[in-house]
Amino acid sequence: MALYTRNMKQDATYYPPLGQDGFGDLSWGPGVAIKCRWQDKAELFRDTQAREVVSSSIVYPAYDCQIGGKIGLGSATVDEAIEIRQRGSSPSLKADQELIKLWL
């Protein structure tokens, strides 16, 4: 376990994006229970269309998550979860692990 994941004490549920269903609505896969560090924090960032937006939360998951997926604290349902609007990553100092940062 990476040093930084030892401090990921919060539980969350991640729903991976599946694309669109037969009616053109977005759909998500089954929820995956993960550990994370969740911060309710307003932070300016650029979304995938290069627009400046402000986050409602920043999440550091111990699991690789995708833009367009949803994540919620605890055992959140897909309707309670919040869309992941941007993803960033940074290698560890030894470059053998990756720290993931999500903007919601």
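## Close-up views

Lys35 has a relative accessible area of 39%, so this residue is partly exposed. The model shown in every view is predicted.

**View A. Lys35 and Asp11 form a salt bridge.** The closest N and O atoms of the pair are 2.7 Å apart. Lys35 belongs to strand S4 and Asp11 to strand S1, so the bridge ties together parts 24 residues apart in sequence.

**View B. Arg87 meets Asp64 in a salt bridge.** Here the closest N and O atoms are 2.7 Å apart. Arg87 lies in strand S10 (residues 86-91), whereas Asp64 lies in the loop between S7 and strand S8 (70-73). The pair therefore ties together parts 23 residues apart in sequence. Arg87 is partly exposed at 26% relative accessibility. Asp64 is partly exposed as well, with a relative accessible area of 45%. Elsewhere, salt bridges that share partners join Lys41, Glu43 and Lys101 into one network.

**View C. Arg46 and Glu52 pair through their side chains.** Their salt bridge spans 3.4 Å, N to O. Arg46 is partly exposed, with a relative accessible area of 47%. Glu52 has a relative accessible area of 51%; the cut-off for exposed is over 50%, so Glu52 is exposed. The count for the structure comes to 7 salt bridges.

**View D. The largest nonpolar core has 12 residues.** Its members are Ala12, Tyr14, Ile34, Cys36, Trp38, Val59, Cys65, Ile71, Ile84, Ile100, Leu102 and Leu104. Strands S1 (10-15), S4 (32-39) and S11 (98-103) are the elements that give two or more residues each. S4 supplies the largest share, 3 residues. Cys65 contacts Tyr14, Ile34, Ile84, Arg87 and Leu102, leaving aside neighbours within four places in sequence. Another core, of 6 residues, lies apart from this one; among its members are Met8, Phe45, Tyr60 and Trp103.

**View E. Tyr14 and Tyr63 form one of 2 aromatic pairs in the whole structure.** The ring centres are 5.8 Å apart and the planes stand at 55°, so the pair is tilted. Tyr14 is buried, at 2% relative accessible area. Tyr63 is partly exposed, at 37%.

**View F. Phe45 and Trp103 form a stacked aromatic pair.** Centre to centre, the rings are 5.9 Å apart, with 25° between the planes. Phe45 lies in strand S5 (residues 44-46) and Trp103 in strand S11, so this pair ties together parts 58 residues apart in sequence. Phe45 and Trp103 are both buried.

**View G. Ser55 is buried in a loop.** The loop runs between strand S6 (52-54) and strand S7 (58-61). Ser55 has a relative accessible area of 4%. Its side chain reaches the backbone oxygen of Lys41 at 2.8 Å. Not counting residues up to four places away in sequence, Ser55 touches Lys41, Ala42, Glu43, Phe45, Arg85, Trp103 and Leu104.

**View H. Lys70 lies over the face of Trp28.** The distance of Lys70 from the ring centre is 4.5 Å.

Note on methods:
Residues are numbered from 1 along each chain as its sequence is written. This is a predicted model: local features need pLDDT of at least 70, side-chain atom pairs count only at pLDDT 80 or more; totals for chains, interfaces and linings use all residues. Side-chain values use heavy atoms; hydrogens and water are left out. A nonpolar core is a set of buried Ala, Val, Leu, Ile, Met, Phe, Trp, Tyr and Cys residues joined through side-chain atoms within 4.5 Å. Buried means under 20% relative accessible area, exposed over 50%, partly exposed in between (1.4 Å probe, protein chains only). Helices (H or I, at least four residues) and strands (E, at least two) are DSSP runs, numbered from the N terminus. Contact means heavy atoms within 4.5 Å. A polar contact is a pair of N or O atoms within 3.5 Å; within protein, one must be able to donate a hydrogen and the other to accept it, and residues adjacent in sequence count only if both atoms are side-chain atoms. A salt bridge is a side-chain nitrogen of Lys or Arg within 4 Å of a carboxyl oxygen of Asp or Glu. Rings of Phe, Tyr and Trp (its six-membered ring) pair if their centres lie within 6.5 Å; planes under 30 degrees apart count as stacked, over 60 as edge-to-face and the rest as tilted. A charge sits over a ring if NZ of Lys or CZ of Arg is within 6 Å of the ring centre and within 35 degrees of the ring normal.
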